[in-house]
Amino acid sequence: MSDIVKENSKSLEEKDKKNIWHHITPYTENHSPLIAYEGQGSWITDHHGHKYLDGMSGLWCVNVGYGREELAIAAYEQLKKMAYFPMTQSHVPAIELAEKLNKYLDDDYVFFYGNSGSDANEVAFKLVRQYHAEKGTPSKYKFISRYRAYHGSSMGALSATGQALRKYKYEPLSSGFLHVAPPDNFRRPKELSVEEYNLKCAEELEQKIIWEQKETIAGLIMEPIITGGGMLIPHKCYVEKVYEICQKHDVLLIMDEVICGFGRTGKMFGFMHYGIKPDIITMAKGITSAYLPLSVTAVRKEIYEAFKSSNETSHFRHINTFGGNPAACALAIKNIEIMEKENLVARSAVLGDKLYKGLQELENHPHVGDIRHKGFLMGIEIVEHKETKEPANPTRVSKIIKECRDLGLIIGKNGDTVAGFNNILTICPPLSSTDEDLNFIVNVLKKVFQANS
Ligand code: PLP
């Protein structure tokens, strides 16, 4: 690391403090953010030269790890050749990426490009409403999503978000967004089996559709697993039932794969665990491993067909200057090639199982309520008392995160979601992590939990 950065570390901190408003960070006079300087594999180095294993892949996104020169070269070459062209027309990387994505999706989708997960979900909401209008059922305009889920920060995506703490003081938001409870298997009623409880949650969704009048319900948006909202993994029967309910009531199913996509759960897309076919799939983060911004709203061809009329207002009237930037698309293609070459989807499943085995003994820890994972994506629910399952207080959760960081491991939590339930630690390392990286994560977590018994 360059000595210049080390020497200037104080002034970097001062300039940061003077000029930068940090995302979702409470104001504290002496807040000193980790200033990342360089990264390689699963590790980053800060401006002091301290190394950390990034057990959150940034914000759940650097799936192939840091420092991949091939990705930088792919973007560089494309920027030299053709830096920009709007997606009202087309360019080669956008065409090639769409074809590549469709190889994973049975060639059954068309792709609308954007810049971020929020953006991809906004596109989904607009086109679903218009789809119903074009089909002659314009009364279908409402969306259902689940409490505790996050779908983005823009006004529509935030309306779909089921996390009151992300919405409080920004309301009123868009109208027509309804919420139902997701299955939270750890906190299910004692008398119900996991399967019975999951079916009950799905039945409540159907009840909501009926009570709201099915002729008003346009779509349902869900993540295959609620990730940032607390790692809530449904039983297979829940997703199957929800799919069936959507089809029965002509409700389009939007699968938010912003985190679960691109190998994170041990399949290319999270929905692939459940044998279903979403109408719309939204993707961002892992599509470029976050090396450049890019998102995609994948739409079933059948839905796209509904926009074909020559009526003046029948085409999708949505435009986005940066969406589908050529360098981002070229980089995304290379990113997927790396995933294929290094078999990172299968690796995700292997690493996730090993991580769980390594940490399983923590299930006996007095403050560990539950450890759950799918692929290389894990949540550890921290409680005050095992018997009562009372969620851990924020100080206990923050202490664990800080002590991990002091030992060189970055982990996350479901911060600012719903009152009283910000007690789930999250672990989401790069899928390219080595076995040594995995051992490091396990050892640090065990050490920290031991010190917090
Ligand atoms: N959907 C999910 C499931 C997410 O986790 C996120 C971001 O964390 C988004 C959508 C929004 O993505 P972005 O931050 O790129 O707008």
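These legends describe close-up views of a predicted model. Residues are numbered from 1 along each chain as its sequence is written, and side-chain values use heavy atoms, with hydrogens and water left out. In this predicted model, local features need pLDDT of at least 70 and side-chain atom pairs count only at pLDDT 80 or more, while totals for chains, interfaces and linings use all residues.

**View 1. Two domains of the protein chain.** The domain assignment gives domain 1 (3-64 + 343-451) and domain 2 (69-341). Such bounds come from an automatic or database domain assignment. The C-alpha centres of domain 1 and domain 2 lie 26 Å apart. In contact across the two are 41 residues of domain 1 and 38 residues of domain 2 (contact: heavy atoms within 4.5 Å).

**View 2. The largest nonpolar core.** This core has 93 residues. A nonpolar core is a set of buried Ala, Val, Leu, Ile, Met, Phe, Trp, Tyr and Cys residues joined through side-chain atoms within 4.5 Å. Buried means under 20% relative accessible area, exposed over 50%, partly exposed in between (1.4 Å probe, protein chains only). Leu97, Met283 and Ile380 have the most contacts inside the core. Helix H12 (residues 326-341) gives the most to it, with 9 residues. Domain 1 and domain 2 both give residues to this core, so it lies between them. Apart from it lies another core, of 19 residues, including Ala124, Val128, Ile303 and Phe316.

**View 3. Around Met283.** Leaving aside residues up to four places away in sequence, Met283 touches several side of the chain, among them Leu101, Leu105, Phe111, Glu257, Phe262 and Val296.

**View 4. Helix H9 and its packing.** H9 (residues 194-212) has 19 residues. Helices (H or I, at least four residues) and strands (E, at least two) are DSSP runs, numbered from the N terminus. From first C-alpha to last, H9 reaches 27 Å, close to the 27 Å expected at 1.5 Å a residue (1.5 Å times one less than the number of residues). Tyr197, Asn198, Cys201, Ala202, Leu205, Glu206 and Ile209 are buried in H9. The buried residues pack against strands E5 (142-146), E6 (177-180) and E7 (217-222) and helix H10 (236-248). Gln213 follows H9, with a positive phi near 85°.

View 5. Residues around the ligand include Ser116, Asn121, Tyr150, His151, Glu223 and Ile259 (a heavy atom within 4 Å). Polar contacts are pairs of N or O atoms within 3.5 Å; within protein, one must be able to donate a hydrogen and the other to accept it, and residues adjacent in sequence count only if both atoms are side-chain atoms. A polar side-chain atom of Ser118 lies 2.5 Å from a ligand oxygen atom. For Asp256, a polar side-chain atom is 2.7 Å from a ligand nitrogen atom. An N or O atom in the Lys285 side chain lies 2.9 Å from an oxygen atom of the ligand.
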